[in-house]
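Student: Can we go through this model together, one contact at a time? I'd like the cut-offs spelled out as we go.

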Amino acid sequence: MSRQQDEQGVVLTAYTSNSEAISCTEQTELPGASRRTGQYNVQRGKAAGAGSSSRKAPYQRCSSQDSLDEQAMVDYFKEVEIIQCSGDAETQEDLQLKVADEGEQEEAWLMEAGLATLFDESASDGEDSIVLLSTLTRTQAAAVARRVETLKQTLRKRNKPYSVPDVREIFKPSPASQSKDEAGSTERSGSNKQEVEGLGNGAPGGGADAETDINLEVSFSEQALVYKEGLKVTQPQNEADDRLPDFKVSQDKTGQTRVGDLSAEDMKKVRRLVLIEMSALFDTCGIEVKAHKALKVKVRESGLFGVSLSTLLEQDQRRMPGTKVPLILQHLMSHIEKQGLDTEGVLRIPGAATRVKAVGHELEHKFYEGMFPWESLKQHDAASLLKLLIRELPYPLLTVEYFNAFISVLKLPTKKQQLQALNLLVLLLPEPNRDTLKALMEFFQRVIDHKDRNKMTLNNVAVVMAPNIFMCKGFRSKISEQQEFAMATGTANIVRLLIRYQNLLWTIPKFILNQVRKQNTENQRKMNRDRAVKKLLKKMAYDRERASNKQESSAEAEGGFIRVQAPQFSMVSMAVQLTEDLKASDVLTRFLSQERSLSVKREDLCLYEMGGNIKERCLDEETYIKALLELNPSAEWVIKSVQH
């Protein structure tokens with residue numbers, strides 16, 4: 001038996017025996033015993049068979065060994081061979097992955113971060129850029145400065161005229177606010193460091209659970225900076241299912257904010273800040289991530305397999321408005337859940353290749369007509385079609401732009417920082433990709449919940465799905481066999497983290513939301529000043545009335561009451577007594593007790609925080625209203641129905 005150990009200490013293996021190899025044309029439901037008695041020589045798409053005895057497997061494993069990691073890697077390369085043998089969508093054009101040239105990458109980054117005015121004076125969001133820059137932490141500001149300076153040097157090398165400002169000018173405070181900002185910066189820096197140190201990260205006095213607490217109130221890159229300055233611990237990089245830490249988010253009285261809770265306008269600000277924060281985190285840890293160019297390729301304009309996510313959703317939304325996850329994916333997952341969650345090896349064992357291909361063609365022609373015979377679809381075939389659908393996306397589910405960033409996550413020194421990076425990357429994904437990825441992770445967790453019967457543990461699911469998610473077409477044809485082995489455990493571990501910590505990863509960190517609140521406050525001030533100049537006379541009466549309403553609302557809050565509106569329903573407004581323990585759930589309970597004739601379900605109702613320093617935010621039921629009112633005293637409270 002031979003072994004090769006990768007950089008993270010996991011043994012990469014394959015195993016062989018004297019049994020005959022499985023040919024590509026004979027793939028069918030394999031008995032569970034084949035996992036220990038079959039042969040696997042991964043040879044870049046060539047089946048091991050007659051005449052291959054002279055070829056030595058790059059890695060071997062003894063069937064008597066019982067190591068979880070080694071056995072899992074066998075399943076990984078088994079899946080790779082199945083993918084190679086399937087000859088997916090032969091006419092599909094490969095996605096050509098290219099890294100942006102020096103300078104182009106910085107321009108693209110600044111543009112995506114909403115800071116195009118730093119190199120293009122004609123950009124339209126100049127005021128927004130100024131406000132955005134004023135909210136950045138020291139590590140975030142350093143990330144921006146680094147890219148501006150790189151762009152400046154690149155233009156200088158090319159002997160091109162440039163108008164990129166000096167980084168010292170970008171973050172130069174106004175004289176009036178300089179002392180105030182410096183004091184605030186010093187206070188924030190000290191506070192951040194104290195909070196991070198208080199979490200532990202191995203520091204004395206941090207408490208037994210300190211390393212598993214995720215702090216969403218302090219910038220991740222600021223936490224990484226404190227860690228880098230000396231608070232270092234050694235954490236295992238590869239654990240079995242039952243050894244992954246139970247990370248938890250510290251309880252926040254103002255409530256957690258999840259993807260989908262904010263308005264589109266605020267989410268745009270979130271995405272810009274998250275991009276800057278993600279770059280700052282990698283910069284702080286000394287990890288350089290080269291972004292790929294987003295290139296357009298000629299793809300199918302209709303159908304199910306080999307079409308883009310946007311095309312799938314356009315087709316689906318014409319039939320079912322509001323669809324966020326492709327219907328074909330929903331149907332395949334639902335079919336497996338109804339009949340196959342107890343099926344052994346449901347995602348691991350492939351369906352017969354010829355039958356899967358035939359069923360795929362039948363789905364293409366009958367799915368939207370509602371004529372496809374779902375009752376005759378075998379579970380292993382359904383799982384093979386689900387994997388085919390994912391890997392045949394012309395643009396990878398994790399996107400071309402952030403593909404390298406996802407792969408680079410495991411270079412971060414601690415499991416906590418890896419989760420923080422994944423959290424930011426999930427938030428950076430376009431909405432269709434993020435929603436589809438979430439649906440898949442939830443489905444994988446339901447498969448794992450039945451592991452006692454289907455034998456699909458977290459590790460099993462992760463290693464089987466990693467090649468389907470990460471081996472996008474253009475990338476698949478470019479890497480060598482050795483690179484493939486080197487990537488195996490890394491990509492499997494990333495998928496494992498996405499599944500295991502999905503409840504955390506789809507959460508918007510509070511420090512990002514606080515930066516959005518600060519931007520909204522500043523924008524509101526400027527807007528009010530502009531309105532006062534342009535529409536002073538016309539707005540005087542309205543402003544007086546509005547001010548009166550605000551005073552009345554404020555007086556109610558000071559008197560121990562808040563006014564909750566429900567314009568979608570018959571009740572115009574409702575006064576609720578404000579107490580220290582009043583939660584969003586209590587407000588909804590009070591509303592339902594007064595509106596008993598409503599047919600809407602409790603889980604379809606949400607209390608929203610609206611106005612003030614946020615556009616719109618759906619509150620989780622554990623939000624303490626008084627604590628949130630202190631954070632946003634001008635907010636209004638509205639009950640609305642929500643779509644799940």
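Tutor: Let's start with rings: those of Phe, Tyr and Trp (its six-membered ring) pair if their centres lie within 6.5 Å, and planes under 30 degrees apart count as stacked, over 60 as edge-to-face and the rest as tilted. Bear in mind that this is a predicted model, where local features need pLDDT of at least 70 and side-chain atom pairs count only at pLDDT 80 or more, while totals for chains, interfaces and linings use all residues. Residues are numbered from 1 along each chain as its sequence is written, and side-chain values use heavy atoms, leaving out hydrogens and water.

Student: How many aromatic pairs does a search of the whole structure find?

Tutor: One example is Phe247 with Tyr501, 5.5 Å centre to centre with 70 degrees between the planes, which is edge-to-face. Phe247 sits in the loop between α8 and β4 and Tyr501 in the loop between α20 and α21, so this pair ties together parts 254 residues apart in sequence. Helices (H or I, at least four residues) and strands (E, at least two) are DSSP runs, numbered from the N terminus. Over the whole structure, the number of aromatic pairs is nine.

Student: What kind of pair do Phe569 and Phe591 form?

Tutor: Phe569 lies in the loop between β7 and β8 and Phe591 in helix α24, so the pair ties together parts 22 residues apart. Both are buried, meaning under 20% relative accessible area, with exposed being over 50% and partly exposed in between (1.4 Å probe, protein chains only). With 5.5 Å centre to centre and 55 degrees between the planes, the pair is tilted.

Student: Which residue forms a salt bridge with Glu79?

Tutor: A salt bridge here is a side-chain nitrogen of Lys or Arg within 4 Å of a carboxyl oxygen of Asp or Glu, and by this rule there are 23. Glu79 is in helix α2 and its partner in helix α13, so the pair ties together parts 308 residues apart in sequence. Both partners are buried. At 3.0 Å, N to O, the partner is Lys387.

Student: Asp381 forms a salt bridge with Arg355; how far apart are the closest N and O atoms?

Tutor: Asp381 is in helix α13 and Arg355 in helix α12, so this bridge joins parts 26 residues apart in sequence. Asp381 is buried at 1% relative accessible area, whereas Arg355 is partly exposed at 28%. The closest N and O atoms are apart by 2.5 Å.

Student: Which residues have the most contacts inside the largest nonpolar core?

Tutor: A nonpolar core is a set of buried Ala, Val, Leu, Ile, Met, Phe, Trp, Tyr and Cys residues joined through side-chain atoms within 4.5 Å. The largest has 123 residues. Apart from it lies another core of 21 residues, including Val564 and Leu588. In the largest, the residues with the most contacts are Val144, Leu363 and Leu386.
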